[in-house]
Amino acid sequence: MSILGDRLVGARVLDLFAGSGALGLEALSRGAASAMFVELNYGSLKALDQNIAALAVQDAVTVHRGDAMRFAGKLPEGAYDVVFADPPYTIDYAAQLVALFRRRPFGRILSVEHRSAVALEGDETR
């Protein structure tokens, strides 16, 4: 988050494969205007709902229960300012998501967590 700095202030954030919502909620705490969470797993959705309630950020969030790759595939170009994704490492979603983003950049910034063994050529890795 510190790498993004001021780019989070006022940003429309998308948190794909949201899990408990840690990335999107942290972005909100750093000044993002809104966050959309996309998660399919019921247990994760329950934890996400609890975290949203505990932080009292209901007015700034939207939660979508569904497949994150399908959701991203339907997004128009420039739909979000910052997009976070932490897909499961057991499926090659990181590379698929980056390829989709290159064809139609649905955000200004895409941050994807992935296995260190996965090389996404031409991208900054930290």
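This briefing walks through the strands, helices and cores of the structure above.

The model is predicted, so to speak of local features a pLDDT of at least 70 is needed, side-chain atom pairs count only at pLDDT 80 or more, and totals for chains, interfaces and linings use all residues. Residues are numbered from 1 along each chain as its sequence is written, and side-chain values use heavy atoms, with hydrogens and water left out. Helices here are DSSP runs of H or I with at least four residues, strands are runs of E with at least two, and both are numbered from the N terminus.

**The sheet**

- Two strands count as paired if DSSP finds at least two bridges between them.
- S2 (residues 34-39) and S3 (residues 61-65) run parallel and are joined by five bridges; glutamate 39 has arginine 65 in S3 as its bridge partner.
- S1 and S2 also pair in the parallel sense, over five bridges.
- Which residues of S2 are the bridge partners of arginine 12 and aspartate 15? Arginine 12 is partnered by serine 34, and aspartate 15 by phenylalanine 37.
- On the S4 side, four bridges join S1 to S4 in parallel, and valine 13 stands opposite valine 82 in S4.

**Helices and crossovers**

- A crossover is right-handed if, with the strands pointing away from the viewer, the path from the first strand over the helix to the second runs clockwise.
- S1, H1 and S2 make a right-handed β-α-β unit, and S2, H2 (residues 42-55) and S3 make a right-handed β-α-β unit as well.
- Just after H1, glycine 31 takes a positive phi of about 110 degrees.

**Buried and exposed sides**

- Buried means under 20% relative accessible area, exposed means over 50%, and partly exposed lies in between (1.4 Å probe, protein chains only).
- S1 is mostly covered, with four of its five residues buried.
- In H1 (residues 22-29), the buried residues are Gly24, Leu25, Ala27 and Leu28. They cover an arc of only 155 degrees around the axis, which puts them on the same side of H1; the arc is that of the directions from the helix axis to the C-beta atoms.
- The face of H1 turned away from its buried side carries the exposed residues Ala22 and Ser29.
- The cover over the buried residues of H1 includes S1, S2, H2, S3 and S4.
- H4 has Tyr93, Ala94, Leu97, Val98, Leu100 and Phe101 buried. Their arc of only 160 degrees around the axis puts them on the same side of H4.
- The buried residues of H4 are covered by elements including S1, H3, S4 and S5.
- Is arginine 70 buried or exposed? Arginine 70, found in helix H3, counts as exposed because its relative accessibility is 64%.
- Arginine 70 and glutamine 58 are twelve residues apart in sequence and 24 Å apart in space, C-alpha to C-alpha.

**Nonpolar cores**

- A nonpolar core is a set of buried Ala, Val, Leu, Ile, Met, Phe, Trp, Tyr and Cys residues joined through side-chain atoms within 4.5 Å.
- The largest core has 22 residues, and those with the most contacts inside it are Leu14, Leu16, Phe71, Tyr80, Leu97 and Phe106.
- S1 (12-16), S2, H3 (68-73), S4 (80-85) and H4 (93-103) each supply at least two residues of this core, and the largest share, six residues, comes from H4.
- Apart from this core lies another one of 18 residues, among them Leu4, Leu28, Phe37 and Val61.
- Leucine 14 touches Met36, Val38, Phe71, Leu75, Tyr80, Val82, Val83 and Phe84, not counting residues up to four places away in sequence; contact means heavy atoms within 4.5 Å.
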